[in-house]
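Dear colleague,

I am passing on a structure that may be new to you, and I would be glad if you could look through it alongside the notes that follow.

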Amino acid sequence: MHELKGVLPVLRNMKEFERLLNSDHEYIIFLEIRLAQLKQLVQVAKAANKKVILHVDLIQGLKTDAYGFEYLVREVKPDGVVSTRSNVISLAKKNKLLTIQRLFLLDSQALEHNIKLINQVKPDYIEILPGIIPSVIKEVFDKTGIPVIAGGLIRTKEDIQLAYDGGAKAISTSQPELWKI
């Protein structure tokens, strides 16, 4: 299994792509991208020795059914995927990709419902949004045993430290000024 740790850069716009290609980061997470750009950008990233994780729910023009996923695996060849949907995580696991299940924690009921789903699907990692609640990061890890990535509303070095203090293994952020931490 790939080990994710430290700050994981999330590419939200293409202005930062070249900067990430020349960085020390092993992984790049593509957040929002058009299907027509995807294959070429992944090839360029891999040529720069980067591993690519795609947030498949946010690929514009891709339907994440079995056929769309087959295209991703055969043609685009990402190293991993992020999704809020359990069926997508299951497809990715069958194709031996790194899996990150993203959770939006709105309230206690959402937390309990998502923990049940996660314990069924067993992704490699769980990404919690917002990632600034250390006690919830710890609770999710304690109830699932799956490493947690903190994302969403991570704006400062202090936010990163709070997430680590809660037990996060990694931090995902689209804030370029935090990528070097």
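Which residue stands opposite Ile 149 in β9? Glu 127 takes that place. Please keep in mind that this is a predicted model, in which local features need pLDDT of at least 70 and side-chain atom pairs count only at pLDDT 80 or more, while totals for chains, interfaces and linings use all residues. Residues are numbered from 1 along each chain as its sequence is written, and side-chain values use heavy atoms, with hydrogens and water left out.

Strand β8 (residues 125-129) and β9 pair in the parallel sense over three bridges, where pairing requires that DSSP finds at least two bridges between two strands. Helices (H or I, at least four residues) and strands (E, at least two) are DSSP runs, numbered from the N terminus. From β8 the chain passes through helix α6 (residues 134-144) to reach β9, in a right-handed β-α-β crossover; right-handed means that, with the strands pointing away from the viewer, the path from the first strand over the helix to the second runs clockwise.

On to the next strand: β9 also pairs in the parallel sense with strand β10 (residues 170-173), over three bridges, and there Ala 170 is the bridge partner of Ile 149. The chain crosses from β9 to β10 through helix α7 (residues 157-165), and this β-α-β crossover is right-handed.

Strand β9 (residues 148-151) is covered on both faces, with Val 148 and Ala 150 buried on one side and Ile 149 and Gly 151 buried on the other, buried being under 20% relative accessible area, exposed over 50% and partly exposed in between (1.4 Å probe, protein chains only).

With kind regards
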